[in-house]
Amino acid sequence: KRAFYIGRFQPFHNGHLTVIDRITREADELIIGIGSAQLSHDLENPFTAGERVLMITRALEGLCCPYYVIPIEDIKRNALWVAHITSMTPPFDTVYTSNPLVIRLFSEAGIPVCSPSMFKRESHSGTSIRDRMRAGKPWERLVPSAVVDVIHEIHGIDRIRDLDRDDG
Ligand code: ATP
Ligand code: MG
């Protein structure tokens with residue numbers, strides 16, 4: 001059985017890791033789709049697709065189950081989105097997502113969906129982690145240590161701070 005898990009992973013955090021942990025117990029192979037792959041360098045989407053690939057592959061080093069990481073650009077046609085995804089990925093049997101629109105689109109396409117429960121969602125969301133980075137509050141415990149290393153390597157906090165400044 002091959003499973004598909006999609007997110008923007010801005011950044012990849014410990015909540016995402018708990019979902020992947022569950023998937024590895026239920027599936028033989030995992031496809032991770034990096035959504036909105038074309039976006040970077042804005043406050044909602046600070047990291048490039050390539051930087052997100054790096055975060056995920058470093059964080060999953062030593063994962064028992066084979067996996068593929070595939071950046072996927074947005075198409076602004078929800079009715080065609082599932083076909084867009086499947087044109088970019090190996091075939092899969094199940095989708096893991098809690099996003100209501102994603103659930104609906106895959107269900108309408110006849111692809112089974114699992115919705116894993118949320119892990120400490122108050123603190124473990126991309127939005128709140130980006131807010132903490134911007135505000136200079138601690139964020140390091142909310143992401144895998146390999147992700148802390150990547151963000152330091154790419155000077156990610158400096159980038160977010162710069163994106164938050166206005167000109168003049
Ligand atoms: P953002 O606040 O930027 O939307 P996010 O934390 O929701 O970030 P996404 O990349 O949007 O992260 O999420 C990808 C998938 O991971 C979605 O299906 C989402 O529901 C799930 N997810 C996000 N946070 C958690 C969490 N804490 N526990 C379990 N699943 C999560
Ligand atoms: Mg989200």
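What you have here is a predicted model, in which local features need pLDDT of at least 70, side-chain atom pairs count only at pLDDT 80 or more, and totals for chains, interfaces and linings use all residues. Residues are numbered from 1 along each chain as its sequence is written, while chains are lettered from A and ligands numbered from 1 in the order in which they are written.

Most residues other than glycine have a negative phi, and most peptide bonds are trans.

Helices (H or I, at least four residues) and strands (E, at least two) are DSSP runs, numbered from the N terminus. Then there is a cis peptide bond, with omega about 0°, joining Gln 10 and Pro 11. Pro 11 belongs to the loop between strand S1 (2–7) and helix H1 (14–26).

Now for the sheet. It is open and parallel, with 5 strands in the order S3-S2-S1-S4-S5; two strands pair if DSSP finds at least two bridges between them. Strand S3 (67–71) and strand S5 (113–114) are at the edges with a single partner strand each, so one side of each has no neighbour in the sheet. S1 pairs with strand S4 (residues 94–96) in the parallel sense over 3 bridges, and Tyr 5 stands opposite Tyr 96 in S4. H2 packs on the sheet, where it touches S2 and S3; contact needs C-beta atoms, placed from the backbone, within 7 Å.

What about ligand 1? There are 20 residues around it, and Gly 7, Gly 15, Ser 98, Gly 126 and Thr 127 come nearest (near means a C-beta atom, placed from the backbone, within 6 Å). H1 and helix H5 (126–135) are the elements that give two or more residues to this shell, and H1 gives the largest share, 4 residues. By class, the shell has 5 nonpolar, 12 polar and 3 charged residues. Here Ala, Val, Leu, Ile, Met, Phe, Trp, Tyr, Cys and Pro count as nonpolar, Asp, Glu, Lys and Arg as charged, and the others, Gly among them, as polar.

How values were computed
Two residues are in contact if their C-beta atoms, placed from the backbone, lie within 7 Å. Axes are lines fitted to C-alpha atoms, for helices over the stretch in contact, and angles run from 0 to 180 degrees between N-to-C directions.
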